[in-house]
Amino acid sequence: MVRSFFLFIIFFLTSFQVSAVESVFAKPVRISWLAPKFFHQNEAEVIGLYFQIDPEWHVYWKNSGDSGAPPKFNFHEGHYHVGPIQWPIPKRISAAHLVNLGYEKEVAFLFPVTPTGPESEKELKLSVKLEWLVCKVECIPGFADLTLTRPIRGQPSEWARQDKDKLFYFQQKIPANAAASPFKVSLVEKKEDQLIVDVVPLSGTSTLSMPDIFPVEGELIHPQPPQVTTINSSFRYTFSMPAGRLNDESVNVLLVSENQSWEQPIVGLGRAGLSAAVDDKSSDKSPDGASLLGLLFFAFIGGVILNLMPCVLPVLSIKFLSIIRTSIQTRRREAVLYMAGVLVTFLSLGCVLLILRSAGAAIGWGFQLQSPVIVLILIILFWLMSLNFLGFFEFGESVTNMTGRFQSAGAFSTGVLAVFVAAPCTGPFMGTALGAAAVLPAPAALGIFLSLGLGLGFPFALVSFVPSVYKMLPRPGVWMDKLKQFLAFPLLGTVVWLMWVLGVQLGTDGWLIATTLMLLLVLAIWLGKTFSKVWVAVAYIASIVVIAFSFISIKKIQAAQLVPNNKTASVAASMAGSTADAASAWTAYDRNLIDQARSAGRSVFVDFTAAWCITCQVNKKTVLDTEHIQNIFKENNVLIMRADWTNQDPLITQALAEFDRNSVPVYLFYEKGAAAIVLPQILTFNVIESLFKKKE
Amino acid sequence: MKVFLFLSFLMMGTVSFASSEAVPGKPAPAFETKDATGKVHKLADYKDKWVVLEWYNKDCPYVKKHYGSNNMQALQKTYTDKGVVWLSVNSSAKGKEGYTDAAAALRVAKDAKSNATAVLLDEKGIMGKAFGSKTTPHMFVIDPHGVVVYAGAIDDNDSSDPAIILQSKNYVAMALDAAMAGKKVEKTSTKPYGCSTKY
């Protein structure tokens, strides 16, 4: 015991300890009172303990966040009554991998104090045992006994002007009564590690901006900024929380909007916990019938729009050409088979996605194109198709003259092909539906995939099945060959673009492999056309060897890149950087940087993109990377960040999932001091400009 | 269709899996970390044993709170005497607060009269991040089947004042006492307090 006591003494000497003074200066903090010159007998007076903090250091709010600790105030007994402590609005402070809630530069903690002594007592002697923690990255604890001695008079208290001003400044930052809150907070869902709430502005308060929300209970909710989506005029916040700790009926949160704040409860958690547990058995996120119907509809419309995308249009056009000369029976059969191909492929892709999802993999839509092998296969495919369109070779007399069975296979595989080439062209309406598919229970998710497929196959089916629409197709003629040749060029364009994707994925080696392969394929075809059957065999064997060799090389390159763990990413990033980001104002995605920038009061814009995503590239070229928009970002001191999903990246997949998305593009905007909003997938100057106009 | 299966198969090969952290009720992440004497410790080595992991940083005031008051050493002694394996883990990166090389780690442990089974050196933060260690101290209790039974703070008072320890409820002792007696652990997860782990 004696030894323990001795150790206590040593401990105290190493930290900061003072006794019985009115102010302390314990680098990096200076603590003093904000108090009147004299108190009014028996009247409550709000006074403050004022902390001045050196730059870069911070002290804590009542919920300190991931680490740290709030200051502690133990008032000694005396002839006075001290009311509950009032904590001013905190801010998020990023410290390395953690988020803290607290204060930088200065803060005052406020207490209502009432002298309660007999009338004869003419002096108030207040004393408090104070403990605080001040941190930069490292932390220094401090202890002090502070006293405050002031006269008591029978007249209203009087203040030094500057003390009163300071006190008033912090009083403005104290949360108002929950009953006065202009926002209604209601629980949407409590999951194992997420809490989702809706915040609706009450009528007549629509002028207030979207509130930021801080959890009051650090035990129950993580301090990281919630993810926010806007639904009409209400906001949906998703908080992450530690599993298994929130068992209470309600939990308090602090809403902050434009320097006003309200501490109010989220109620009904006990009930939600139960219903969520029941729901878990049937589905983990079952939308009501109406919203599922809406999602299915969006998926269908998205599928129809896919037909117009540059990657699908040539394939589809050829399909249309092929039915021009056919009888209605043939083309109906073709349409059914094409539709079957599309649906089976979508369904299979959906199943693969679901299986991988249940295995815990972090993947999303477009994942097909995250593999360079698939990209190379598509390059070969498009290359051969364009050569064929140009008439360099026919797919053999035999194929066209084959029996119906093979033609059927043709229509079916066109359907398969259409889905594969559609992946990079995630269009409008599809993002929401695909994002939902990633989190919905299996049957609903597959329903969405099927809906997409129906949409994709719809125009072709329409033309084939309805004679009056079919009649609108032009009559056959020489123009068909010309059109076919012309269509080779969009295909070649696709090859050029896919080569670029491969280049981003594998570097210059990728180009070398692909171009060599293309050259040798042409050579093989030419050999086959020009010489005898033996040569044809040789040509086929040569092609197979070349293809096998290419794939092995790809695997080798990937393996080589994977050895130093982050190299793939950095290669890809630098490639994307040199080819795409001429204006290198963009920062690579980094969650910590976002938090830091936000706590420093900067707005943040995040562009989730991929080289293989055409919509993304279009938005980039026509809006984001234009001088006009870049200037807007610069003027408003926005941190602009690019999350490149060209290659597999679980971090980015996870970030997307937080917004219920798993496809790109996704554009996020964190307005100064507010939570994130998700912008439309098709960007215009207007969309970006309006982000900054609001404030003016 | 064959082509499609082939493509799917290829895609499977390129998928990577998300990482985990230590959550009560779930298996603890496997680790393989050298201690200050150069011996490698693996979770699999301690099958059939109770294991306590204590995230440590000699310069953190909250670690000092528990070592300066002899609280941590006493706790280590009580439970290592009962056959519990107690591993102090230092995840401070080179150049950051609390980093020690092997020799210094041994010296610091000796000076502090630590009763830990071993001091693990995790300067790359691999083990720390696998467990999701946020602070020093951050405590984990793992049962003989390798399942996490407790994760969080050492006790219920986040003051840095050692005098407060006497009045504090020690969550680690509570978890170990209950779990080792085959009873239900009352608090399996709490918010850890202290300095940030210095990755």
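Student: Hi! Which residues do ring pairs link into a cluster with A:Trp132?

Tutor: Ring pairs join A:Trp132 with A:Phe51, A:Phe73, A:Phe75, A:Trp87, A:Tyr103, A:Phe109 and A:Phe111 in a cluster. Rings of Phe, Tyr and Trp (its six-membered ring) pair if their centres lie within 6.5 Å; planes under 30 degrees apart are stacked, over 60 edge-to-face, and the rest tilted. This is a predicted model: local features need pLDDT of at least 70, side-chain atom pairs count only at pLDDT 80 or more, and totals for chains, interfaces and linings use all residues. Residues are numbered from 1 along each chain as its sequence is written, chains are lettered from A and ligands numbered from 1 in the order in which they are written, and side-chain values use heavy atoms, leaving out hydrogens and water.

Student: Is A:Phe109 buried or exposed?

Tutor: A:Phe109 counts as buried because its relative accessibility is 0%. Buried means under 20% relative accessible area, exposed over 50%, and partly exposed in between (1.4 Å probe, protein chains only).

Student: Switching to chain B, what does the side chain of B:Ser91 make a polar contact with?

Tutor: The side chain of B:Trp55, at 2.7 Å. A polar contact is a pair of N or O atoms within 3.5 Å; within protein, one must be able to donate a hydrogen and the other to accept it, and residues adjacent in sequence count only if both atoms are side-chain atoms.

Student: And why does B:Ser91 count as buried?

Tutor: Because its relative accessibility is 1%.
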